[in-house]
Amino acid sequence: MPSAPEHSEYRPVTPIETLADWLGDEVAAADFPETKLRFRNDRWAAAVGLDGLSDEEWLKHFGRFLPLPENLPKPLALRYHGHQFRVYNPDIGDGRGFLFAQMRDGEERLLDLGTKGSGQTPWSRAGDGRLTLKGGLREILATEMLEALGVNTSKTFSIVETGEQLERGDEPSPTRSAVMTRLSHGHIRIGTFQRLMVLEEMDHMAALVDYCLTQFPGPPPPEDAPGRDEPAVQLMHLVVERLADLAASWMVAGFVHGVLNTDNMNISGESFDYGPWRFLPKWEPGFTAAYFDHQGLYAFGRQPEALHWNCGQFAIALRTLADAPPLIAAMERFGPLYMAAVGRRWCWRLGIESKGLEDDGRLVGLSEAAMAESGEQPDAFFYRHRGGKSGEGELGELLQSYTAIGDDHPYWSEGAPESMLIDEVEAIWSAIDERDDWQPLHDKVARLRRMGEAHGPAPVPAGHISKNSI
Ligand SMILES: Nc1ncnc2c1ncn2[C@@H]1O[C@H](COP(=O)(O)OP(=O)(O)OP(=O)(O)O)[C@@H](O)[C@H]1O
């Protein structure tokens with residue numbers, strides 16, 4: 001069973017303070033016409049000592065963003081650039097969000113509370129700075145499902161409905177508005193580094209490398225890695241390790257993120273920004289989530305390559321601080337790390353003990369072929385084969401050679417796996433939209449958390465922080 005952090009004391013800290021002058025711009029939250037509490041993540045609130053807040057206090061914090069945290073004078077809209085669908089865009093940045101507060105959890109890990117839909121900033125361009133309620137709902141569903149499937153994801157901490165009518169091209173409009181608060185270890189993106197490279201702010205880049213190494217620590221590079229004493233090289237290795245594992249975790253979850261731009265890549269390795277995401281209805285590498293992804297650039301099966309490409313952009317930014325060969329050596333680890341992580345996580349989801357790269361790789365390949373041929377929905381496949389059960393032919397034989405980890409959670413014998421297909425997402429939204437009925441959402445979240453309990457913690461790369469330890 002995952003263990004809860006030792007204590008739950010809320011201690012505001014702002015290690016970002018020393019970088020704030022050049023990393024962001026102070027902004028104010030929008031003055032919303034109303035604030036209605038729609039979702040408070042009490043599980044994670046307990047982990048950071050905020051579960052004692054009354055609903056009224058909660059709304060003040062996460063609807064009005066008051067009082068301002070003691071050490072962070074004002075909310076900070078963070079500056080960044082990024083490659084969007086491989087085209088460099090220097091005009092982005094937090095256009096509808098800001099860093100609201102920083103805390104440390106019971107294990108001294110940094111946690112950020114960031115917002116989405118909290119109003120306009122210097123980076124809003126033509127945007128209204130708002131988030132739709134449906135967008136907020138989709139963030140809850142994606143993060144809860146992914147957390148239960150062992151993905152290192154940001155957490156949806158709060159959704160407050162804000163009483164505005166928004167116009168959107170991709171939702172029937174006018175549509176309801178919301179402000180979200182997101183909990184994650186950090187909000188430093190690959191695009192944050194790209195911006196510093198383009199603006200030739202080398203001192204800032206070095207300071208940001210130090211910040212990331214200190215706040216999101218991990219193991220040192222392998223013994224034989226060239227340049228392993230260089231901070232930039234160390235950070236490169238950590239990001240390669242994290243993103244290889246992240247890519248693997250999405251594949252094992254059957255998840256298609258949809259928008260794998262470099263501004264959506266967190267240095268902490270956490271998955272975040274859930275827009276047009278989908279879970280696979282069947283095993284199909286070409287399955288594309290975003291209606292605007294006409295080339296299928298971020299299709300399900302291309303996600304590992306997309307993250308590898310993004311690591312390349314990170315290396316190019318760090319090239320201003322380090323030589324190329326050590327950065328290339330780090331990049332070269334992505335493929336093998338990804339393969340190992342897929343095998344490890346595949347076995348974890350099947351409830352069997354890993355047998356090492358070769359057998360696990362074969363198991364993954366045979367499973368993929370079986371799903372592709374039968375059209376079986378991936379959640380159903382993993383559930384049916386849990387503990388190495390079932391399976392015909394070569395796959396069945398191989399599965400039988402694995403040792404089951406032994407499951408005693410009732411979830412595994414109820415016969416019905418949880419999934420998160422688009423029809424269910426739309427049905428949950430319809431209940432809210434048509435009848436203001438939030439019960440289907442709360443029921444779904446409870447079932448997903450139960451599935452998470454049944455799975456237990458996923459294997460993560462050695463020495464890395466994982467926030468799914470509640
Ligand atoms: N309604 C909006 N108003 C202002 N800016 C917006 C709006 N929607 C998106 N943006 C900005 O467009 C860029 C890309 O949007 P994207 O959807 O990737 O980010 P986001 O979802 O707003 O934030 P995050 O990446 O933190 O989840 C970002 O700079 C974002 O702030």
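At what angle do helix H10 (residues 334–350) and helix H11 (residues 357–374) pack? In this predicted model, the angle is about 70°, and the axes of H10 and H11 are 9 Å apart. Angles of 65 to 115 degrees count as roughly perpendicular, so H10 and H11 are roughly perpendicular to each other. On the H10 side, the residues that meet H11 are Met339, Ala340, Val342, Gly343, Trp346 and Cys347. On the H11 side, they are Leu357, Asp360, Gly361, Leu363 and Val364. By class, this contact of H10 with H11 has eight nonpolar, two polar and one charged residues.

A second helix pair can be described in the same terms. Two packed helices are described by the angle between their axes and the distance between the axes. For helix H7 (residues 231–253) and helix H9 (residues 324–331), the axes come within 9 Å and cross at roughly 15°. Angles under 35 degrees count as roughly parallel, and H7 and H9 are therefore roughly parallel to each other. Their crossing is right-handed. H7 contributes Val233, Met236, His237 and Val240 to the contact, while H9 contributes Pro326, Leu327, Ala330 and Met331. The residues of this contact of H7 with H9 divide into seven nonpolar, one polar and no charged.

Next comes helix H8 (residues 303–318), in which glutamine 303 lies. Is glutamine 303 buried or exposed? A residue is buried if 20 or more other C-beta atoms lie within 10 Å of its own. Glutamine 303 counts as buried because it has 21 C-beta neighbours inside 10 Å. Leaving aside neighbours within four places in sequence, glutamine 303 is in contact with Ala247, Trp250, Met251, His257, Leu260 and Tyr298. Arginine 176 is 127 residues from glutamine 303 in sequence, and the C-alpha to C-alpha distance between these two residues is 32 Å.

The loops hold several backbone features. Most residues other than glycine have a negative phi, and most peptide bonds are trans. Arginine 125 is not a glycine, yet has a positive phi of about 50°. Arginine 125 sits in the loop between strand E8 (110–116) and strand E9 (131–132). With 11 other C-beta atoms within 10 Å, arginine 125 is exposed. Glutamate 200 also has a positive phi, near 55°, and is found in the loop between helix H5 (190–198) and helix H6 (202–215). Glutamate 200 has 9 C-beta neighbours inside 10 Å and so counts as exposed, the limit for that class being 12 or fewer.

Cis peptide bonds are found at two prolines. Leucine 66 is joined to proline 67 by a cis peptide bond with omega near -10°, and proline 67 has its place in the loop between helix H3 (55–62) and strand E4 (76–78). The bond between serine 173 and proline 174 is also cis, with omega about 0°. Proline 174 lies in the loop between strand E10 (155–166) and strand E11 (175–184).

How many residues surround the ligand, and which are the closest? The shell has 18 residues, and the closest are Ile92, Gly95, Ser124, Gly127 and Asp273. By class, the residues of this shell divide into four nonpolar, eight polar and six charged.

Methods: Residues are numbered from 1 along each chain as its sequence is written. This is a predicted model: local features need pLDDT of at least 70, side-chain atom pairs count only at pLDDT 80 or more; totals for chains, interfaces and linings use all residues. A residue is near a molecule or strand if its C-beta atom, placed from the backbone, lies within 6 Å of it. Ala, Val, Leu, Ile, Met, Phe, Trp, Tyr, Cys and Pro count as nonpolar, Asp, Glu, Lys and Arg as charged, and the others, Gly among them, as polar. Axes are lines fitted to C-alpha atoms, for helices over the stretch in contact, and angles run from 0 to 180 degrees between N-to-C directions. Helices (H or I, at least four residues) and strands (E, at least two) are DSSP runs, numbered from the N terminus. Angles under 35 degrees count as roughly parallel, over 145 as roughly antiparallel, 65 to 115 as roughly perpendicular and the rest as oblique. A crossing is left-handed if the near helix is turned anticlockwise from the far one by less than a right angle, and right-handed if clockwise. Two residues are in contact if their C-beta atoms, placed from the backbone, lie within 7 Å.
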